[in-house]
Amino acid sequence: MLLIADSGSTKTAWCLVNEQGAETYFSTEGYNPYFVTEEYVIRSIADNFPTTIDPAAISQVYFYGAGCQEDKSGVMEQTLGKIFPSASHISAELDLLGAARGLLGDTAGFAAILGTGTNTCFYDGRNISLHVDSLGFMLGDEGSGAAIGKRILSDFLRHKMPPAVHRLFVDTYGLTEGAIMHQVYKEPMPNRFCAGFTKFLTMPGIDNGYAYTLLRAAFTEFFTQLVACYPGYAEYSFNCVGSVGYHFRDVISEVAGDFRMQTGLIIPDLIGHLASNLKKYFLTGV
């Protein structure tokens, strides 16, 4: 049996594929090797693994996760080896590579993740061939949920929102300036706090003109600062996975056109596409 995982820091989506190609999906919490111990991962997966499946029946494991850099991928592989002792192949690689393989299969192209954070790459059909660092929440992550949320909060705090939008924000969140500043500068994970405000742009009663203008500016910055850094980027289609990219795909497609880039596949989550592309090789051996 083949086991595939798409793991973030908060959630892992799993897919089991049997010899006939039938798929079983389940989820667990996320496992970023920078933040969790081997013992924690083993216990958590054991507690959430389907009771109808024997872990010893797993023959191959493909784990794609946040934090699976070169210095941590081996740690995760060793951990998974203890959970699935009969597996002849276990790999733990970056979530960005998983995104590229899920979006593009064995076709070369451009792939992006647009969720709480941002990540992009050129993909050669097997591996990442070029990666421009998004620089994270403090220095970059243009186009991400966190970056969009920062724009919303900045507009609120600087009184740049139209009056009706300002009232809607106050009525929805009831946040003071002091509470926002404390959350951003004093509490952990300000990126998640900021990203939580992206849904404000889809609320009933929101000024669609305000939402559109903000999103267009955010995605234009994303293309300017990240996508356009890739040489010959306009020769490829724009392919993206993530809640932000999916929910605002109409605006992204419009901005992509401004940068002479066709829109390809834009999906909310990865695991189904990743499983479909990987199981071809598992079942055929190609």
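These entries record what I looked up on one helix pair and on the salt bridges of a predicted model.

**Conventions.** I number residues from 1 along each chain as its sequence is written, and I work with heavy atoms for side-chain values, hydrogens and water being left out. Because the model is predicted, local features need pLDDT of at least 70 and side-chain atom pairs count only at pLDDT 80 or more, while totals for chains, interfaces and linings use all residues.

**Entry 1: helices α5 and α7.** I took helices as DSSP runs (H or I, at least four residues), numbered from the N terminus. I looked up the packing of α5 (residues 145-157) against α7 (residues 177-186): their axes come within 11 Å and cross at roughly 150 degrees. The axes are lines fitted to C-alpha atoms over the stretch in contact, with angles from 0 to 180 degrees between N-to-C directions. I noted the crossing as left-handed, that is, the near helix is turned anticlockwise from the far one by less than a right angle.

I then listed the contact residues (heavy atoms within 4.5 Å). Helix α5 contributes Leu-153, Phe-156 and Leu-157, and α7 contributes Glu-177, Ile-180, Met-181 and Val-184. By class, six are nonpolar, none is polar and one is charged. The nonpolar class holds Ala, Val, Leu, Ile, Met, Phe, Trp, Tyr, Cys and Pro, the charged class Asp, Glu, Lys and Arg, and the polar class the others, Gly among them.

**Entry 2: salt bridges.** I searched the whole structure and found five salt bridges, each a side-chain nitrogen of Lys or Arg within 4 Å of a carboxyl oxygen of Asp or Glu. For exposure I used relative accessible area: buried is under 20%, exposed over 50%, and partly exposed in between (1.4 Å probe, protein chains only).

In the bridge of Lys-82 with Glu-38, the closest N and O atoms are 2.7 Å apart. Lys-82 belongs to α2 (residues 70-83) and Glu-38 to α1 (residues 38-48), so the pair ties together parts 44 residues apart in sequence. Lys-82 is exposed at 54%, whereas Glu-38 is partly exposed at 23%.

Glu-221 and Arg-151 meet at 3.0 Å, N to O. Glu-221 lies in α9 (residues 208-225) and Arg-151 in α5, so this bridge ties parts 70 residues apart in sequence. Glu-221 is partly exposed at 31%, as is Arg-151 at 28%.

For Asp-258 and Arg-216 I recorded 2.4 Å between the closest N and O atoms. Asp-258 is in α11 (residues 249-258) and Arg-216 in α9, so parts 42 residues apart in sequence are tied together. Salt bridges that share partners join Arg-216, Glu-254 and Asp-258 into one network.

Notes: Helices (H or I, at least four residues) and strands (E, at least two) are DSSP runs, numbered from the N terminus.
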